[in-house]
Amino acid sequence: MIEYPERITRARLPTPVEPMTRLSQQLGVQLLVKRDDLTGSALSGNKIRKLEFLFAEARAQGCDTVVTCGGEQSNHCRATAVAATQLGFQSYLLLRTDDPARPPATDANILLDKLVGAEVRWVSRDEYKRRAEIFPQVAELLRARGRKPYLIPEGGSNALGAWGYVKCVDELAHDLGREPATLVYAAGSGGTGAGLILGIKLLGLPWRAVGVNVCDDEAYFVAEIGKIVEDAIARWKLEVTFDRKEIELRDGYVGIGYAKSRPEELATLRDVARAEGIILDPVYTGKAFHGLKQELARDRETFGKRIVFLHTGGIYGLFPKAAEIAPLL
Ligand SMILES: Cc1ncc(COP(=O)(O)O)c(C=O)c1O
């Protein structure tokens, strides 16, 4: 039995695991999908799992406003804003965009952020790189307004947030038993990967977690995931051993850049939708699935016989890409 830190409950858990019957046949492996796209509707995706732990800490500290950051169509920011409103918090989002003087249309995730009343501050790519300096300034500003801010890092990816994916492994072990399996996931800020690694270790499972990075590179994610796992082991004195060399990533599928799509990636997304009726997103799960397919084409045994693809959500990211996808339909 794993002893979890305190959490609030917002996500619809456990999410189902389903066979991908037709794609299993096509790809010659046993392929299952963990439906974390079903953690809620407006809350959908992987972020709410992490936020359950982060909001519990925010509440325990007597905070009333959450501050976080991400790209302009950030799923994490949207889930944070929705959860904040549901739990009686205010939310303040730093959203990265090319030109803050000309912010993007109020569309998809941005529409949801604003619908639930998040305060949005647009920041340039350069400012975003300096977010570690900007966060304390925002906290100061909010305190001056009489608020009590709680700061959540990009993607909710820190040691506390990672417990969300320990819990996901716990659910999977319950559904799938202990036979070998490889969990394949999209890596964006590292928290999901860190939680999966910790969960596998804490439950002593003969499983692997393999990330397909959708931005940056392998070295970046080994550092990010490694730090989160090490922080968690130190903070909760977890009785597991860990070496950064154990972190498995398949680099090479970022394509033309974060949140930018190539036709072949969108074609994979379409093919999954048509084979299984499962809708991936272009920024994370579509790219990760494309990577999974390419890796299997290279070596069908590379992930072993039983693969669980983590569908971490992101559906709203599909809509701003409609014009790019339409020619493929
Ligand atoms: C839909 C979706 N999948 C995967 C990820 C990646 O998860 P993580 O940031 O924990 O690496 C994110 C966010 O970054 C996401 O929004």
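1. Leaving aside residues up to four places away in sequence, Val 184 touches Val 210, Val 212, Ala 288, Leu 292, Phe 303, Ile 307, Phe 309 and Leu 310, where contact requires C-beta atoms, placed from the backbone, to lie within 7 Å. The model is a predicted one, in which local features need pLDDT of at least 70 and side-chain atom pairs count only at pLDDT 80 or more, while totals for chains, interfaces and linings use all residues. Residues are numbered from 1 along each chain as its sequence is written.

2. Val 184 is also among the residues with the most contacts inside the largest nonpolar core, which has 82 residues; the others are Ala 162, Leu 183, Tyr 185, Ile 197, Ala 288 and Phe 309. Such a core is a set of buried Ala, Val, Leu, Ile, Met, Phe, Trp, Tyr and Cys residues joined through C-beta atoms within 7 Å. Helix α7 (residues 159-176) gives the largest share of this core, nine residues. Domain 1 (17-45 + 157-328) and domain 2 (47-156) both give residues to this core, so it lies between them; the domain bounds come from an automatic or database domain assignment.

3. Helix α10 (residues 263-276) has 14 residues and reaches 20 Å from its first C-alpha to its last, close to the 20 Å expected at 1.5 Å a residue (1.5 Å times one less than the number of residues). Helices (H or I, at least four residues) and strands (E, at least two) are DSSP runs, numbered from the N terminus.

4. In α10 the buried residues are Glu 265, Leu 266, Thr 268, Leu 269 and Val 272 (buried: 20 or more other C-beta atoms within 10 Å of the residue's own; exposed: 12 or fewer; partly exposed: in between). Seen down the axis of α10, these buried residues fall within an arc of 150 degrees, so they line one face of the helix, the arc being that of the directions from the helix axis to the C-beta atoms. They pack against α1 (21-27), α11 (285-298) and α12 (322-325), whereas the face turned away from the buried side of α10 carries the exposed residues Pro 263 and Arg 274.

5. Around the ligand there are 20 residues, of which Asn 75, Gly 188, Tyr 284, Thr 312 and Gly 314 come nearest (near: C-beta atom, placed from the backbone, within 6 Å). At least two residues of this shell are supplied by each of α3 (75-86), β7 (181-187) and α8 (191-202), and the largest share, three residues, comes from α8.

Note on methods:
Contact = placed C-beta atoms within 7 Å.
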